[in-house]
Amino acid sequence: MWKERYPKQPVSWPNGVRLPILISVHHQSEEATCTFPDGQPDPFDVSERQYGGRRGAWRLLEILDRHGIKGTWLICGATLEKYPAVSRAVKKAGHAIAGHTYAHEMICNLPAHAELELIKKTASVFEDLLGERLRGWRTCYASHNTVDLLLEHTDFEWDGSMWNDDLPYVIEGAGRQILEMPFATYSDAALAVSISGSASPITPFSTYHSNTPDFIFNGWKAAFEGLYEMAATRPAMMPLVVHDFTAGRPSRVKAFNDFINYVKPFEGVVFTHHEELGKWWRNSHSL
Ligand SMILES: [Zn+2]
């Protein structure tokens with residue numbers, strides 16, 4: 001069983017960095033499609049989400065490139081198999097790459113042995129198709145076993161599956177440590193869809209009801225402003241998550257682009273990925 005290890009002093013980011021914005025691109029396309037009560041995939045939702053692999057991921061890649069931003073691409077194993085050209089372009093562009101389960105399974109509903117099989121299967125897809133040895137992991141639906149399995153059965157250096165902090169923290173178990181870098185519900189998964197009322201026949205995270213790009217932009221802006229103010233007196237980071245199938249749509253890519261343009265002039269704002277932020281965190285701490 002893992003436990004948290006508390007640092008002896010607070011983190012400090014490199015000189016000149018006030019608020020790192022930690023970019024996560026979830027490249028998952030039609031994985032996690034809604035299903036009907038009989039278990040059949042909803043064809044509308046499949047088609048809607050295929051936009052991610054066909055168009056959305058490419059457009060997000062373009063926007064990041066336009067701004068010279070390197071983010072972390074969290075990619076499902078099955079998505080890599082279906083759209084290998086996207087992942088190859090991501091790697092060539094120099095972004096950090098991490099595993100995002102095999103087919104965006106509801107990991108929290110699975111027994112530990114099934115979860116471990118999916119972790120191993122995903123890691124081998126990355127090695128076989130991309131020549132990439134995974135160092136980071138995220139499942140949107142972590143189980144109580146996720147962290148223990150990663151510590152005991154992988155050599156991953158970080159996990160980004162938790163929702164519980166504004167800063168990374170170290171957890172240890174099975175004779176080693178891993179850096180947890182949490183994310184937040186003000187990602188586009190939360191903001192691109194209506195999260196009140198009955199947003200879809202199946203789940204509020206389906207593609208049935210969507211919020212306007214203004215709503216998404218304002219959510220990001222409010223999160224940024226809160227964290228930027230806080231970061232004047234204490235360390236903070238802003239995890240920002242975009243999904244290929246929602247944020248990759250032109251209206252929302254525009255909101256993402258507008259957000260980047262809005263925050264760029266603020267002093268000490270830096271866009272980064274998990275590998276770099278992890279290095280900053282480790283370099284500024286002794287445990
Ligand atoms: Zn996801």
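Axes are lines fitted to C-alpha atoms, for helices over the stretch in contact, and angles between N-to-C directions run from 0 to 180 degrees. The structure is a predicted model, in which local features need pLDDT of at least 70, side-chain atom pairs count only at pLDDT 80 or more, and totals for chains, interfaces and linings use all residues. Residue numbers start from 1 along each chain, as its sequence is written. Helices (H or I, at least four residues) and strands (E, at least two) are DSSP runs, numbered from the N terminus.

The axes of helix H4 (residues 112-130) and helix H5 (residues 146-153) come within 10 Å. They cross at roughly 55°. H4 and H5 are therefore oblique to each other; angles under 35 degrees count as roughly parallel, over 145 as roughly antiparallel, 65 to 115 as roughly perpendicular and the rest as oblique. The crossing of H4 past H5 is right-handed, meaning that the near helix is turned clockwise from the far one by less than a right angle.

From H4, Ala112, Glu115, Leu116 and Ile119 meet Thr146, Leu149 and His153 of H5 (contact: C-beta atoms, placed from the backbone, within 7 Å). The residues of this contact comprise 4 nonpolar, 2 polar and 1 charged. Ala, Val, Leu, Ile, Met, Phe, Trp, Tyr, Cys and Pro count as nonpolar, Asp, Glu, Lys and Arg as charged, and the others, Gly among them, as polar.

Ala32 is not a glycine, yet has a positive phi of about 65°. Ala32 lies in the loop between strand S2 (19-27) and helix H1 (43-67). Ala32 counts as buried because it has 23 C-beta neighbours inside 10 Å (buried: 20 or more other C-beta atoms, placed from the backbone, within 10 Å; exposed: 12 or fewer; partly exposed: in between). His104, also not a glycine, has a positive phi of about 55°. The loop between strand S4 (96-99) and H4 holds His104.

Conventions. Contact = placed C-beta atoms within 7 Å.
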